[in-house]
Amino acid sequence: MSHESRVASHESEVAGQDPRPAIHDSRLLRRLAWTGAGFVLGLIVLGGVVRITGSGMGCGDHWPRCNGQWFPPLDLPTMIEIGHRWAAALVSLMVLAVAAVAWGRHREQPALRRPATLALVLLVVQVLLGAVTVKLALPPWVIITHLANAMLLLATLLVVALRASAPGGTEAPAPARRHRNHGLVVATAALGFVVILFGAQVANFHAGLLCLGLPLCNGTLAPPQAPLAALHWTHRVLAFAFLAMAILVTVRVRDTGGPEGTRLRRSAWLVLGATVTQIGVASAMVLQLLPPGLRTLHLLVGSLVWACLVVLVFYSRVAGRESRVADEDPRLGARDRKPSLMADLVTLTKPRIISLLLVTTIAPMFITPAGFPTLSQILWVALGGYLMAGGANAINMWFDRDIDSTMVRTRLRPIPSGRITPAAGLAFGIVLGAAAFAVFWLLVNPLSAWLALGGLLFYVFIYTVWLKRSSPQNIVIGGAAGAFPPLVGWAAMTGRLDLAAVYLFAIIFYWTPPHFWALALIKQADYARAGVPMLPVVKGEARTKYEMLVYTLVLLPLTVMPTLFGALGVFYGIAAVLLGARLLWYCVRLLRERSITPVAWQMYRYSLLYLALLFVAMGVDRALPFGHRPAPSDVIILDRPGQPVSALPAAERLH
């Protein structure tokens, strides 16, 4: 050290200042967070024991005291309930300690401070829910919310622990470092959370024995007619769907390299192993008619699955985009850049776009007056919908082959790259459309066939041929083609179109401009080069961002109205508000930011997730046995008091 450095260091020490930067070791926070997460996991299982043994009212309706005393006489139900409360108190101390250390020693590290603060907020909510649960004598919807909040608290503490454990993990990862399948991982975790909530409903509404046998429910694949039995059936379908997604994630991340990649692969295998174990426990539980020990084990393994999912999501955010195999064998990357004919044909259908269209087609089938769809109805509508949308996309690629070759985003598509001839692409699209029409006409109903064909014709002729190259409002009017799927799903179930179906059409219609213009902002140079008059190219970024905000402000009240009018329940209403608030936040942030690309990308990706979750929430809401307005009772006008009700003509009975 030079003489000047020693003098500066001495002067700093004399002034009472440490010349080194104030960076605190995160070991204490890491230990507290891991310990707290373990305690929360134990508390969740103990809460399950309280419910399974019927000890929820072991302390009466007194809270925080037990039967009016701090130390009451202990019988078994009282002992279990008061043990749960003391465990909750211990968890409270751990969460308070995590928050205190985060604010005291890591105030300048928001990646640690923010989740620790969120954990404290969730703890307060959890305590209040516990009090409400007791005071209201264990209403199922409060118990389910209580469990959901506990799972979120567990996830938040795990995030604190993981960020405090990883070198450099105290900083939020940049989007470029995320694994290429991060979206799939997040979707899998979200589905896992939904499965847990449905399982809680099955348990708290005592529907566990209403769907006997496995894998069939009461000997059939079709959903039962009874609402609670259908709830159990839905829980099973979602669980098997989650297993399929866990397998897919494990396959997709198997080639990820680097230290984070190793942790990601191990986390994926843990999720898959825990899921298989959970299904095995569930099978034994059903076949043995719900013994208490297996019910407790089912909750424990389910909680472990959720914890593994949180870890998996964390590592998918930092695992990067390079695969181990591509690094070791460059020839694999070259082979991937020249897909097979089958892969090119699938690419012509734009499967990623179709996945969202299928969600908006199938979800409305669950909310029609016709009741829940059968499995065969879902499969035929999904097949017909994929073929029709795939045909429309293939014809679109055929017509746009000239401008696709000039755009960076599209020049590697099968037709502009020369891997498929234009005539073959057009023929493929027409064949798919004809096959889809036949599927709908023969296996669903004629109205759904005509509506699906109408969507194809609108997309091809109104948007692709006419508006796309001639008007900056191309995506507003032409984008209505993407709003046809809910009409198709509704007609497939009812054989007619109701006002509710048109309402779903309007939701997608107003969602489309802010969604697509986010992408147009990013790719405006491409569109300008190709001569496509997208709004950012013609009117500029400021005007585009303003119109995105306007359409979003129209969209959000539109999505909440079904709950206000009683068509959908509280669950959907809450989901619509929360999802819409995030979308509006992105819009406002984009309006204020000068740098377009990062925020626009975030909004574009989120808008896809927003619409999917919004429509899924509709179907989930209809499956829930609570949160809906009671059906109106019959109103009968009697203008002849002496005449019995049964003798009134049908025309005089009003509903």
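**Helix packing**

Guide: In this predicted model, helix H13 (residues 351-362) and helix H14 (residues 375-399) pack with their axes 10 Å apart, at an angle of about 140°.

Visitor: Which residues of H13 and H14 make the contact?

Guide: From H13 the contact takes in Pro351, Ile354, Leu357, Leu358, Thr361 and Ile362, while H14 contributes Ile378, Val381, Ala382, Gly385, Tyr386, Ala389, Gly390 and Asn393. Sorted by class, the residues of this contact of H13 with H14 are ten nonpolar, four polar and no charged.

Visitor: Switching to H5 and H9, at what angle do their axes cross?

Guide: The axes of helix H5 (residues 140-165) and helix H9 (residues 292-316) cross at roughly 40° and come within 10 Å, which means that H5 is oblique to H9. H5 passes H9 in a right-handed crossing, and among the residues making the contact are Met151, Leu154 and Arg163 of H5 together with Trp306, Phe314 and Tyr315 of H9.

Visitor: And what classes of residue are in the contact of H5 with H9?

Guide: The contact of H5 with H9 has twelve nonpolar residues, one polar and one charged.

Visitor: New topic: is Gln278 buried or exposed?

Guide: Gln278, which is found in helix H8 (residues 258-287), counts as buried because its relative accessibility is 14%, under the 20% cut-off.

Visitor: What lies 3.5 Å from a polar atom of its side chain?

Guide: The backbone nitrogen of Gly302 lies at that distance from a side-chain polar atom of Gln278. Leaving aside neighbours within four places in sequence, Gln278 is in contact with Leu297, His298, Val301, Gly302 and Val305.

Terms used:
Residues numbered from 1 in each chain as written. Predicted model: local features only at pLDDT ≥ 70, side-chain atom pairs only at ≥ 80, totals over all residues. Heavy atoms only, no water. Axes fitted to C-alpha atoms, helices over the stretch in contact; angles between N-to-C directions. Helix = DSSP H or I, 4+ residues; strand = E, 2+ residues; numbered from the N terminus. Parallel < 35°, antiparallel > 145°, perpendicular 65-115°, else oblique. Left-handed = near helix turned anticlockwise from the far one by under 90°. Contact = heavy atoms within 4.5 Å. Nonpolar A, V, L, I, M, F, W, Y, C, P; charged D, E, K, R; others polar. Buried < 20%, exposed > 50% of the residue type's maximum accessible area, 1.4 Å probe, protein only. Polar contact = N/O pair within 3.5 Å; in protein donor to acceptor, adjacent residues only side chain to side chain.
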